[in-house]
Amino acid sequence: MLGGTFNLVLAERLCRKVCSHCKATKIVSDDPKFAYAKESFKDFDETLLKKEIAARNISQEQRDTFITDGVIAIGTGKDPET
């Protein structure tokens, strides 16, 4: 269940590292999957959650930003406009 939640909400971070030159943030707090993810994390075994996060190379900062603000980093595949 936890793996599915991560895949739905944080798929871009799980599959690859988002490159810094095309990185953008996206607010997902209005997405129903965000509410589902937060609810799933609420009662999940903390030890297993930490292991899953570590195995997927998700930083504590990324986790905290997602949980508190509903913000994720996405790769746009495009260079930022200058």
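# Briefing: an α-β-α-α-α-β protein

Going along the sequence, the protein runs α-β-α-α-α-β. That makes four helices and two strands, where helices (H or I, at least four residues) and strands (E, at least two) are DSSP runs numbered from the N terminus. This is a predicted model, so local features need pLDDT of at least 70 and side-chain atom pairs count only at pLDDT 80 or more, while totals for chains, interfaces and linings use all residues. Residues are numbered from 1 along each chain as its sequence is written, and side-chain values use heavy atoms, with hydrogens and water left out.

**Overall numbers**

- Of the 82 residues in the protein, 29% are buried; buried means under 20% relative accessible area, exposed means over 50%, and partly exposed is what lies in between (1.4 Å probe, protein chains only).
- The accessible surface of the protein is about 5700 Å², and carbon and sulfur atoms hold 52% of that; the areas come from the Shrake-Rupley method with a 1.4 Å probe, and for residues only the protein chains shown count as cover.
- Take the contacts (heavy atoms within 4.5 Å) in the protein with a separation of 6 or more: 87% of them involve residues 24 or more positions apart.

**The strands**

- Strand S1 (residues 23-27) and strand S2 (residues 71-75) run antiparallel and are joined by five bridges; for two strands to pair, DSSP has to find at least two bridges between them.
- Across that pairing, Lys26 stands opposite Ile72 in S2.
- S1 has five residues and the number buried is zero, so this strand lies largely in the open.

**The nonpolar core**

- The largest nonpolar core has 10 residues: Val28, Phe34, Ala37, Phe41, Leu49, Ile53, Ile58, Phe66, Ile67 and Ile72.
- For the record, a nonpolar core is a set of buried Ala, Val, Leu, Ile, Met, Phe, Trp, Tyr and Cys residues joined through side-chain atoms within 4.5 Å.
- H2, H3 and H4 are the elements that give two or more residues to this core, and H2 gives the most, with three.
- Ile53, a core member, sits in helix H3 (residues 46-55) and is buried at 8% relative accessibility.
- Ile67 belongs to helix H4 and counts as buried, with a relative accessible area of 19%.
- Leaving aside residues up to four places away in sequence, Ile67 touches Phe34, Lys38 and Phe41.
- Ile67 and Lys38 are 29 residues apart in sequence, yet their C-alpha atoms are 6.6 Å apart in space.

**The aromatic pair**

- There's one aromatic pair in the structure.
- Phe34 and Phe66 make it up: their ring centres are 5.2 Å apart and their planes are at 85°, so the pair is edge-to-face.
- Phe34 lies in helix H2 (residues 32-42) and Phe66 in helix H4 (residues 60-69), so the pair ties together parts that are 32 residues apart in sequence.
- The cut-offs: rings of Phe, Tyr and Trp (its six-membered ring) pair if their centres lie within 6.5 Å, and planes under 30 degrees apart are stacked, over 60 edge-to-face and the rest tilted.
- Both partners are buried, Phe34 at 8% relative accessibility and Phe66 at 2%.

**Salt bridges**

- The structure holds two salt bridges, each being a side-chain nitrogen of Lys or Arg within 4 Å of a carboxyl oxygen of Asp or Glu.
- One links Arg56 and Glu52, whose closest N and O atoms are 2.5 Å apart.
- Arg56 is partly exposed at 22% relative accessible area, and Glu52 is partly exposed too, at 23%.
- Another joins the side chains of Asp64 and Arg63, at 3.6 Å from N to O.
- Asp64 is partly exposed, with a relative accessible area of 32%, and Arg63 is partly exposed at 21%.

- Most residues other than glycine have a negative phi.
- Asn57 isn't a glycine, but has a positive phi of about 55°.
- Asn57 is located in the loop between H3 and H4 and is exposed, with a relative accessible area of 55%.
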